[in-house]
Every structure is written in structure tokens, then in C-alpha cells.
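I opened this notebook to keep a record of what I looked up in one model, entry by entry. The sequence and structure come before the entries.

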Amino acid sequence: DISGYLNEAKHLCSRKTGEVYGYKGKLKNNYKIEVKNDVLKIENSLATYYLGNNIDTLTINQTKEAIENLSDDLHLDMRQARLTRIDFAGNLIMKDPPMNYFGCLLEANKLNKSRKDSTLYFSNQVRSLAFYDKTKHYQDKKLNIPEAYQNQNILRYERRLLKAGKKKLKFEDLYKPNIFKYFLDHWKREYDSIIKNSSLQFTKEAKNMFSYKFLCADRKSVV
């Protein structure tokens, strides 16, 4: 029972029977934790827990430290937790509002293109590539935008692995160099594979920021 380590812990009860089947609560930075039928479930961004926001994203070293801190806070070895979904993301600072660029992204092989509200998707049942205005996302949720990103046009690109459970990955795999590099390479490769109607490609500066060497450095990163 980890409810004693959570803030604002509340029981989860069946509406029909009143039976208690779990509980939920929060850690620092309003990081939500839920336990149902003795199964711990976390659906939040690890960056939110570690950095206090999920505009900034984590380097490989920060990922390792975040998981270690989470283990300490919950008094559980979270390194062995099973992953059911993985989102690998990066921020592209654009000259114009992000949605102005959606028309440049035409199609992707074996992925269906769709638009929901202010997000553009290329997806199938296994994975999804999502593009959206991160600033608008924060404004809609009435969240504080970090100072470094204020008044910026942030085009967020996320590669979402929707059925990560089939790969039998654990939390600790996220900071293994070969696996981290695998997700980074596929994140970049799938963006490059999208058919575009103009030369909407990474600049040299962006390529450097999204390099494996940069993301393994002990520093804050934009990816």
C-alpha cells in the first residue's frame, strides 16, 4: 500500500456496490498516481514529474534520475515497471504559428492522416505521429508556460508507440543507450518519411539538438 506516500489520497469505490477497489493521489508537481485492484498505473509524462512541465523534455541522464527519484518517492523499484505506451517528443521553434505548417505535411506510408481540433495525426493501430501547437495546448489547460518558451511558436512533434507492451519494455530500458538511440532514430526517420509539399526539413541547428550525442549530455534538452 503506497497511499501513505501520496498527497490528496482518495479511495476509489464502485458506484454500484460501494466496494473499495483502489485509490489515487499525487506526488510533487501534481503527478497523478492511481492504483486499481493492486495494479499501479501512471499515465503522466515523466518530464512533468521531474521538471514540473512537459514542454521541456528529458535527456537520457535525466530520464534515469527521474525514474530513480520516482522509486524513492513511492518506495517501489520502478525500474521494473512495465511500459504500455511510449511518447518520444521534441519541440520545433517555428517562425509562424504551428498550424500554418500542417498543410505542408501530406502523407506517410501505412499511416492514416487525420485532424482533430488543433492536432494533426498520421497513425495506425500501433503508432501515431502527432503534430500540435504546444503553447496553445498549455493555454487551453491554463498551465504556466516556462519563461524560456513564452511568446514562442512551438510545433510539438511526438512519435507515440501505442502498444509498447508488446515489446516487453521496462522503465529502466528508457535510459539504456541502445534503446534510447533506437527511439530517437525512429522519431527522426518517421518525420523524414512524411511526404511534404515543400522543403520542410530540420535545420542544421535542429539536427544538432536532436542528435544522440546532445541528448546524452548532462544538460537540459529540447527533446
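**Conventions.** I am working with a predicted model, in which local features need pLDDT of at least 70 and side-chain atom pairs count only at pLDDT 80 or more, while totals for chains, interfaces and linings use all residues. Residues are numbered from 1 along each chain as its sequence is written, and side-chain values use heavy atoms, with hydrogens and water left out.

**Sheet.** I looked up the strand order and found an open sheet of 4 strands, β1-β2-β3-β4, with antiparallel pairing; strands are DSSP runs (E, at least two residues) and helices likewise (H or I, at least four), numbered from the N terminus, and two strands pair if DSSP finds at least two bridges between them. Because β1 (7–13) and β4 (39–41) stand at the edges with a single partner strand each, one side of each has no neighbour in the sheet. From one strand to the next the twist averages 20°, with axes taken as lines fitted to C-alpha atoms and angles running from 0 to 180 degrees between N-to-C directions. Within the sheet, β2 (residues 20–26) and β3 (residues 32–36) pair in the antiparallel sense over 5 bridges, and I noted that Lys 24 has Glu 34 in β3 as its bridge partner.

**Helix α2.** I checked the span of α2 (residues 60–74), whose 15 residues reach 21 Å from first C-alpha to last, close to the 21 Å expected at 1.5 Å a residue; the expected span is 1.5 Å times one less than the number of residues. Its buried residues (under 20% relative accessible area, against over 50% for exposed and in between for partly exposed, with a 1.4 Å probe and protein chains only) include Ile 60, Ala 66, Ile 67 and Leu 70. Just after α2, His 75 takes a positive phi of about 60°.

**Salt bridges.** My search of the whole structure gave 13 salt bridges, each a side-chain nitrogen of Lys or Arg within 4 Å of a carboxyl oxygen of Asp or Glu. Glu 34 turns up again here, since its salt bridge with Lys 36 has closest N and O atoms 3.4 Å apart; Glu 34 is partly exposed at 23%, and Lys 36 is partly exposed at 38%. For Arg 85 and Asp 87 the closest N and O atoms are 2.9 Å apart, with Arg 85 at 42% relative accessible area and Asp 87 at 37%.
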